[in-house]
Amino acid sequence: MPLLEVQNLRTYFHTRRGVYRAVDGVSFHLERGEVLGIVGESGSGKSVTCYSLMGLVPQPPGRIESGTAMFAGVDLLHCSPKEARAIRGKRISMIFQDPMTSLNPYMRVSEQIIEPLLIHEKISRKDALDRALAMLEAVGITDAAKRMHSYPHEFSGGMRQRVMIAMALITKPDILIADEPTTALDVTVQAQILALIKKLRHEFGMAVIFVTHDLGVVSGLCDRVQVMYAGRIMETADTRTLFRNPQHPYTKALQRCVPALQEKGRRLFTIPGLPPDLSKPIDEAALLARFTFAEAAPDEAPPPPAAPGPAILEARDVETHFHTRSGIVRAVDGISFEVRRGEVVGLVGESGSGKSTLGRTLMQLIPPTSGAVILEGQNLTAGSAADIAAVRRDLQMVFQDPFASLNPRMTIFATLAEPLQVHRVCPPEAIPARVAELMRQVGLPVRDMQKYPHEFSGGQRQRIAIARALALNPKIIIADEPVSALDVSIQAQILNLLADLVRRLNLTLIFISHDLSVVKHLSDRIAVMYRGKIVEMGPALDVMERPRHDYTRTLLSAIPRIEK
């Protein structure tokens, strides 16, 4: 008998614009100790399926219209609140997609991790803290004994995700629902987390529902995979069969979108068009035509490379230190490099290595402890607030956490229009057309511009953040993990878009990412950061194929690959 059996699950959202069929007739089962992968484009219904099982769909506007989800003799979709509380967090745990909005900013990390233990088990506070410390060490938090009493804002995005993973695993649940659990993690920590999930799965017979857009992770972790699209399951198969012999055209198209580590420069394949509007009846013929076109479309030849121009941005002995209760954290520790006009520089390294802090220091969002940042001959670190404001149009950033960087009280139209209005780059009557153009550039329907950030999936929010950075046609964009939250099809669209902008507008790009295949595909040069320093920097092919530093070789060996 399956550990979990879901039949005919339908979850709809009743909005002013109509009924949005987020999950529309999904059925699947999960065996004890099995890892089931769920993949599909952003907005396909993956996360809503998981929220439905956990009883976390907001009502209203959400409503479970039909279906059953049987677990241990209890129907998760129709059980009482008391039954749900007894199961949720103890026998079924969930790792959420966005760690910053899932952690309580007013509570220390230690208090949040031990909370499910104190609620569900008869355990002393001391023993609970001991288990929390062991779990933090298991998920790769350095100096866990000191860091466990910190607040969420004192961690990087990747380390916050590790805290969320520790919180979900601490009760040793029967089922772990992991919604993009390794999205914000570098490849070395991702490998540690996946190894930990595998170990717990075998030790405790834990089953896992693993939602991800990383097909390499699916290939190495999951026993079975189901592919979702437009709220439905298109194909289900064991992992090896799915990758060796996919049956549905949509599955084949997803695989073609993945940038290969062995290739550089080839324009990435993308699935044409947009996912359907789930508030309207699905046109089956149109869906099939989209998939069939994608399956038959030829790969595009790589565009001719453009020669980079003179140096436009320079860092000279930049140091950024933070004073904490535990001492001085040397987040950026004496970094010097330059970026040339029209060049793409990839910045890679593990979570906490200083990548994001370096990006924010270059933007002057964090003042450096020492050193200088030079933009076209102007020393930004010695400039006044007015000087910095004057260059904001030329220097833009895409932040790592799209939900935290978007104002929840502003519509998407207002968010994209704001920089146009502040910098007066176009007359008021031209703003709607420019906002519509930005929406199309990043693959979002123009009809959604009056929605608010919470009405979008994590991947869609990241596209909005990218559109906002593009609004002013800046000279330099510092992109901090800009495609980490995106599924492979939209990731390919954004990478092609960034490559086009670099060539067409002579845009300069500093691309921060933990995905080395993406970095290699897009970058002219790659800088590898480790403990606040750049340990290796050179042409992309040299760094990726002939690494000189041991740490670079460690990163490359940890990359998940699709096994067929």
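Modeller: Quick one before we start: pLDDT is the predictor's confidence in each residue, from 0 to 100. We need that here, since this is a predicted model.

Colleague: OK, what does the protein chain average, then?

Modeller: The average pLDDT is 82, and 90% of the residues score at least 70.

Colleague: And where does pLDDT stay under 50?

Modeller: Over residues 294–298, where the model has 11 contacts beyond four places in sequence.

Colleague: Now the sheet. What order do the six strands come in?

Modeller: It goes β6-β7-β8-β3-β9-β10, as an open sheet with mixed pairing. β6 (92–95) and β10 (232–238) each have a single partner strand, so one side of each lacks a neighbour in the sheet. On average, neighbouring strands are turned by 15° against each other, direction ignored.

Colleague: How do β3 and β8 run, parallel or antiparallel?

Modeller: Parallel, with four bridges joining β3 (residues 35–40) to β8 (residues 207–211). I38 sits opposite V211 in β8.

Colleague: Which strands does helix α11 lie across?

Modeller: β3, β9 (224–229) and β10. Helix α11 covers residues 249–257 and runs at about 100° to β9.

Colleague: Switching to α5: which of its residues are buried?

Modeller: A128, L129, A132, M135 and L136. They cover an arc of only 125° around the axis, which puts them on the same side of α5.

Colleague: How far does α5 reach, first C-alpha to last?

Modeller: 20 Å for its 14 residues (125–138), close to the 20 Å expected at 1.5 Å a residue.

Colleague: And what's the phi of G140, which follows α5?

Modeller: Positive, near 90°.

Methods
Residues are numbered from 1 along each chain as its sequence is written. This is a predicted model: local features need pLDDT of at least 70, side-chain atom pairs count only at pLDDT 80 or more; totals for chains, interfaces and linings use all residues. Side-chain values use heavy atoms; hydrogens and water are left out. Two strands pair if DSSP finds at least two bridges between them. Helices (H or I, at least four residues) and strands (E, at least two) are DSSP runs, numbered from the N terminus. Axes are lines fitted to C-alpha atoms, for helices over the stretch in contact, and angles run from 0 to 180 degrees between N-to-C directions. Contact means heavy atoms within 4.5 Å. The expected span of a helix is 1.5 Å times one less than its number of residues. Buried means under 20% relative accessible area, exposed over 50%, partly exposed in between (1.4 Å probe, protein chains only). The arc is that of the directions from the helix axis to the C-beta atoms.
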